[in-house]
Each structure stands twice: as C-alpha cells, then as structure tokens.
Amino acid sequence: MNEEIFNEIAKRYDNEERRHLAGIILNELKQHLDNTEGKVLLDYGAGTGLLGLELSDSFEKVHLADASSEMVKVLKEKIDIANIKNAQAQEMNLLESDTIIKADTIIMSLVLLHVKDHQKLIQKLYDALSDGGEVYIVDFDKNDQVTHPKVTNGFTHGNLKEMMENAGFKNIKVKNFYEGKEIFVKTDATVLIASAEK
Ligand SMILES: C[S@@+](CC[C@H](N)C(=O)[O-])C[C@H]1O[C@@H](n2cnc3c(N)ncnc32)[C@H](O)[C@@H]1O
C-alpha cells in the first residue's frame, strides 16, 4: 500500500469531499447494522475514523486499525479530544502480521483498492471475525475510466463475491449504492457495498 502517501496526507485527510463521501457511506452502513449492542467493531483501514468513530456510540468496543502510523496518530488525537472511552486506535497491517483482535462486526471502507493481494486481505478479515460475525466491504465498482499505477480500478460484483466465497464467507451480497462526481481519481464513479457472514 501507499503508506508514505497516507502518512503524508493524514493531517489534511478530512476535507469537505472526503467528509461528504464518508457521510454517505456511514448512512449506508447504518442501514445494515442492527443489534450492535454489546458487540465489538473493527474498522479496518480506518483512516481518520470518519466511519468507526461515528459508530462508537452503538458498539460496546471499537477498534480502529490502520497501517499508516500518521493516520493512527490522528485517530488517537480525535479519541482523546472527544474523550471516547470505548474506542482504541492501533497500527495494524494484516498483510504483514496477524492480529489477536476478534470482532463481531468488521467494516473496511475504501481500503481494498489500495492493496495488491485482495484475496489475502479478505481472508485475514475472515480470520479476525468471530463466528456468526458480519463484514461490510465498501469500495468502488469496476471502472475502466480510472487508471492509476497504485490503485485497483474498482471491483466487479462477481470478482468480489468469488474472493469472499474463497475466504469462507456465506450469505454474500453485493450492491451499488451511490454514484458520485469525480470521487475516484477525479473520475465519476459508483460505490458498492459487499456484506457477508462468517
Ligand atoms: C482511502 S483511506 C479510507 C479511510 C476510511 N476507511 C474511510 O473510508 O474514510 C484508506 C486507508 O486504508 C489504509 N490502508 C491501506 N492499506 C492498508 C493495509 N494493508 N492495512 C491497513 N490499512 C491500510 C490507509 O493507510 C488509509 O488510511
């Protein structure tokens, strides 16, 4: 992943466009998340916590994990300032090491496109999920207009489903939920959500 890039942009990540898109994603996630009381959430690739921190009221415990040390610094500052007692931020890259965290719910938004080994990361999410737990992967629908040397230009529903099936997930559903202007490498794009159970 582009660790240096995310380290470099961490402090100015929360601009208007990113907040706007995160608000739309959060709204979509909330439609799926029910019975969260007493449960543990892992927001993997949490960035500055635009999703996970907003969900901290609904869960018993929230782990915000990111491979970028600067993103984790921003997360820790936000947690301190808002005095959020049930949230914890930590540096984590499941492609390089395992985690002992087990979560009942995992969200991973706009992260898969930044990694090379998609299948491995999906497998690691499966391993980090408790039995009966749920995963929500938000990413871009496949978009041939986008070309960038360091990001995957989205995923087809079939490709995502296949990787999730290979990892062992069941009840996999993928749907598009938002079309935005210039949201993916300055290109108009569609955002999808894949949900599944362990
Ligand atoms: C585009 S940001 C998305 C942040 C947040 N999930 C959101 O939707 O607002 C992608 C984040 O994924 C993190 N990331 C990329 N590859 C990662 C990996 N292998 N493990 C953990 N985090 C990763 C980056 O550091 C960055 O903070």
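Guide: Gladly, and bear in mind that this is a predicted model. Take tyrosine 44, which, not counting residues up to four places away in sequence, touches Ala65, Ile106, Met108, Val111 and Leu125.

Visitor: And which residues touch the most other members of the largest nonpolar core?

Guide: That core has 57 residues, and those touching the most other members are Tyr44, Leu75, Ile106, Met108, Leu125, Met164 and Ala194. Strand β7 gives the most to this core, contributing six residues.

Visitor: OK, the sheet next. What's the strand order?

Guide: The sheet is open, with seven strands in the order β3-β2-β1-β4-β5-β7-β6 and with mixed pairing. Strands β3 (87-91) and β6 are the edge strands, each pairing on one side only, and neighbouring strands are turned against each other by 15° on average, direction ignored.

Visitor: In what sense do β1 and β4 pair, parallel or antiparallel?

Guide: Strand β1 (residues 40-44) and strand β4 (residues 103-109) pair in the parallel sense, over three bridges, and leucine 42 stands opposite isoleucine 106 in β4.

Visitor: Which strands does helix α2 touch?

Guide: Helix α2 (residues 16-32) packs on the sheet and touches β4, β5 (129-140), β6 and β7, with its direction making about 160° with that of β6. Helix α3 (residues 69-82), for its part, lies across β2 (61-66) and β3, and runs at about 165° to β3.

Visitor: Switching to α5, which of its residues are buried?

Guide: In helix α5 (residues 157-167) the buried residues are Leu160, Met163, Met164 and Ala167. They cover an arc of only 95° around the axis, so they lie on the same side of α5, while Gly158 and Asn166 are exposed on the other side.

Visitor: What covers the buried residues of α5?

Guide: The cover includes α4 (118-128), β6 (170-184) and β7 (187-197).

Visitor: And what follows α5?

Guide: Helix α5 is followed by glycine 168, which has a positive phi, near 115°.

How values were computed
Residues numbered from 1 in each chain as written. Predicted model: local features only at pLDDT ≥ 70, side-chain atom pairs only at ≥ 80, totals over all residues. Buried ≥ 20, exposed ≤ 12 C-beta atoms within 10 Å, placed from the backbone. Helix = DSSP H or I, 4+ residues; strand = E, 2+ residues; numbered from the N terminus. Arc of directions from axis to C-beta. Contact = placed C-beta atoms within 7 Å. Core = buried A, V, L, I, M, F, W, Y, C linked by C-beta atoms within 7 Å. Pairing = 2+ DSSP bridges. Axes fitted to C-alpha atoms, helices over the stretch in contact; angles between N-to-C directions.
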